[in-house]
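Thanks for coming. Please have a look at the model first.

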Amino acid sequence: MNYIKNLYVITPFKGNDIERLKTTIFSLKKLKVGFSINHLVIHYNSKFEIIEKIKSFKKTKTYNLIPIVIKKPGIYFAINQGLDYLRNDESYIVLGSGDILELENNKKICLL
C-alpha cells in the first residue's frame, strides 16, 4: 500500500461569490488527515478585492492555498492549468466552489 503525502485540490473559481469559496476552503482546512492538502484556487475574472481576499486565507500545518490567476475563461481550461502545476505521479481531486470534502471518522486515505 502507498500512502499519499500530498493531495492537490483544484478549484476553478470565477466571479465574486467568495462565500461559496469559503465553504470549500473551510471544509478542507478542518480535515484531520495524515497528509498535506495543497488547494489550487484557479480564478478568472475576479475583482482585485476578491483576489486579495483569496490570498488572505491562512496556511495551516496541513493546508496550503495556492491562488493561480488565468487570463482565459473556461472551467476545463482552469482545470488543465491546475493539472499543469502537478507532476504526473501526484494525487488530485477537483472540487467546485461551494463543494465540501468530509472524511468519515477522519481516517487516512489510502490509495492502492
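**Salt bridges and a helix pair**

Let me start with Glu19 and Lys22, whose side chains meet in a salt bridge at 3.3 Å, N to O. By salt bridge I mean a side-chain nitrogen of Lys or Arg within 4 Å of a carboxyl oxygen of Asp or Glu. Side chains of opposite charge can pair when their charged atoms come close. Both Glu19 and Lys22 lie in helix 1, 3 residues apart, which is about one turn of the helix. Helices here are DSSP runs of H or I with at least four residues, numbered from the N terminus.

A word on the source: this is a predicted model, where local features need pLDDT of at least 70 and side-chain atom pairs count only at pLDDT 80 or more, while totals for chains, interfaces and linings use all residues. Residues are numbered from 1 along each chain as its sequence is written, and side-chain values use heavy atoms, with hydrogens and water left out.

Is Lys22 buried or exposed? Lys22 counts as buried, because its relative accessibility is 19%. The cut-offs are under 20% relative accessible area for buried, over 50% for exposed, and partly exposed in between, with a 1.4 Å probe and protein chains only.

How many salt bridges does a search of the whole structure find? The search finds 4. One of them joins Asp17 and Arg20, with the closest N and O atoms 4.0 Å apart. Asp17 is partly exposed at 38% relative accessibility, and Arg20 is partly exposed as well, at 43%.

Another links Asp89 with Arg87, where the closest N and O atoms are 3.3 Å apart. Asp89 counts as exposed at 59%, and Arg87 is exposed at 54%. Salt bridges with shared partners connect Arg87, Asp89 and Glu90 into one network.

Now the helices. Helix 1 covers residues 18–29 and helix 2 covers residues 48–56; their axes come within 11 Å and cross at roughly 15°. That makes helix 1 roughly parallel to helix 2, since angles under 35 degrees count as roughly parallel. Axes are lines fitted to C-alpha atoms over the stretch in contact, and angles run from 0 to 180 degrees between N-to-C directions.

Which residues meet between the two helices? On helix 1 they are Ile18, Leu21 and Lys22, and on helix 2 they are Ile50, Lys53 and Ile54. Contact means heavy atoms within 4.5 Å. By class, this contact has 4 nonpolar, no polar and 2 charged residues.

Terms used: Angles under 35 degrees count as roughly parallel, over 145 as roughly antiparallel, 65 to 115 as roughly perpendicular and the rest as oblique. Ala, Val, Leu, Ile, Met, Phe, Trp, Tyr, Cys and Pro count as nonpolar, Asp, Glu, Lys and Arg as charged, and the others, Gly among them, as polar.
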